[in-house]
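Subject: Structure handover

Hello,

My notes follow below it.

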Amino acid sequence: MTESFRRSGEYDYDAPQGPYSQSHGYSAPVNPEWPPPPAYEPAAASPLPAAGPEPEPRRRRARGSVALLAAVAIVAAAVGGATAYGFQELAGKNDVTATGTSTAVVPAGKKGDVAAIAAAVSPSVVEINATLDNGSSTGSGVIISSNGEIVTNNHVIAGAQSVKVRTSDGHSYTADVVGTDSSKDLALIKLQGASGLRAASLGDSSSVQVGDSVVAIGSPEGLTGTVTSGIVSALDRDVTVPTDESQAQGQGGDGSWPFQFGGRNFNGDTGSSTTTYKAIQTDASLNPGNSGGALIDAAGNIIGINAAMYSSSQQASSSSDAGSIGLGFAIPVNTVKSDLAKLRSGGQN
């Protein structure tokens, strides 16, 4: 007798058509211990999933998603870092003298705090003493590199036979004149044997607004590290100063450097050889010796180099009797930055 029993998965015949036909598609089993086959062909058997953790393929996909997200984050960070580095290279971020964006020199919670600004920036401001044919000149300067590059006014060192610099910590250096630009009243000097100095952060003078709080640091009358404060009282003032070396030193080098403003002469005669630049006007107290020093914003960035202050003609002619009456001018720092390449190349004019 031929057995009609087939194990699961072995039904490969075509089921007869018509009602009830499927119930007669098999013969009774020979061995009663074997169960009868089903009346229809079952679907192909598949093992039931085991109880417990999620199937491996799904976990693998999950891990793959996490890995993909991590890879995207790494690439984004790399691109962001590369972009920032590229911007720094284009903007000269690695050289503090060429920065075009302001940074937080003082803590965010101390922004505008005069004491915090003074503590952060004073180490970057120096006193300059120039020996002249007819005497001496005292002014200030701003450190722009750790190896001793210093920006000051041309009229502070014009005609100098020698230049001495004293830093805020009392160290004294001999300085060489690297380059001068009398048309902008700027000069660059470099200290001999200096290293590890604190360079100032040069800000962006194009963002300065009338009414902004400012701090001035310099060495009026040789008083190193003197700090005053005020506001920006006007912008783009046309200030005219002498380019002749003898005139630039004012009255025998006493610090009351002459300039023209609003069609009038202040602190003496500027002479026939002059230059005019756009200046930031401030009511922060500037006195003889502040020339070449720093005008600083609320975040501690240099926004100008102090260059001219008004001493009333009714006051005594000696510098010890001269004083600020709230009319001072600074060369915008963007003008300084645009002139640095020329100054560093040793330009003399």
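What share of the contacts in the protein with a separation of 6 or more comes from residues 24 or more positions apart? The share is 67%. Contact here means heavy atoms within 4.5 Å.

Some ground rules. This is a predicted model, in which local features need pLDDT of at least 70 and side-chain atom pairs count only at pLDDT 80 or more, while totals for chains, interfaces and linings use all residues. Residues are numbered from 1 along each chain as its sequence is written, and side-chain values use heavy atoms, with hydrogens and water left out.

Overall picture

The protein has 5 helices and 14 strands. These are DSSP runs, numbered from the N terminus: helices are H or I with at least four residues, strands are E with at least two. Of the 349 residues, 40% are buried. Buried means under 20% relative accessible area, exposed means over 50%, and partly exposed lies in between (1.4 Å probe, protein chains only). The accessible surface is about 17800 Å². Carbon and sulfur atoms hold 54% of that surface. The areas come from the Shrake-Rupley method with a 1.4 Å probe.

The barrel

6 strands close into a barrel. Their order is β1-β2-β3-β6-β5-β4, with antiparallel pairing. Two strands pair if DSSP finds at least two bridges between them. Neighbouring strands of this sheet are turned by 40° against each other on average, direction ignored. The axes behind that angle are lines fitted to C-alpha atoms. Take β5 (residues 172-181) and β6 (residues 186-191): they run antiparallel and are joined by 6 bridges. A175 has L191 in β6 as its bridge partner.

The aromatic rings

There are 3 aromatic pairs in the structure. Rings of Phe, Tyr and Trp (its six-membered ring) pair if their centres lie within 6.5 Å; planes under 30 degrees apart count as stacked, over 60 as edge-to-face, the rest as tilted.

Why is the pair of F259 and F329 edge-to-face? Because the planes stand at 70°, with ring centres 5.7 Å apart. F259 sits in strand β9 (residues 259-261) and F329 in strand β14 (residues 328-332), so this pair ties together parts 70 residues apart in sequence. Both F259 and F329 are buried.

F261 also pairs with F329, and this pair is tilted: 4.9 Å centre to centre, 50° between the planes. F261 in β9 and F329 in β14 are 68 residues apart. F261 counts as buried because its relative accessible area is 18%. For F329 the value is 0%. Ring pairs link F259, F261, F266 and F329 into a cluster.

Best regards

How values were computed: Axes are lines fitted to C-alpha atoms, for helices over the stretch in contact, and angles run from 0 to 180 degrees between N-to-C directions.
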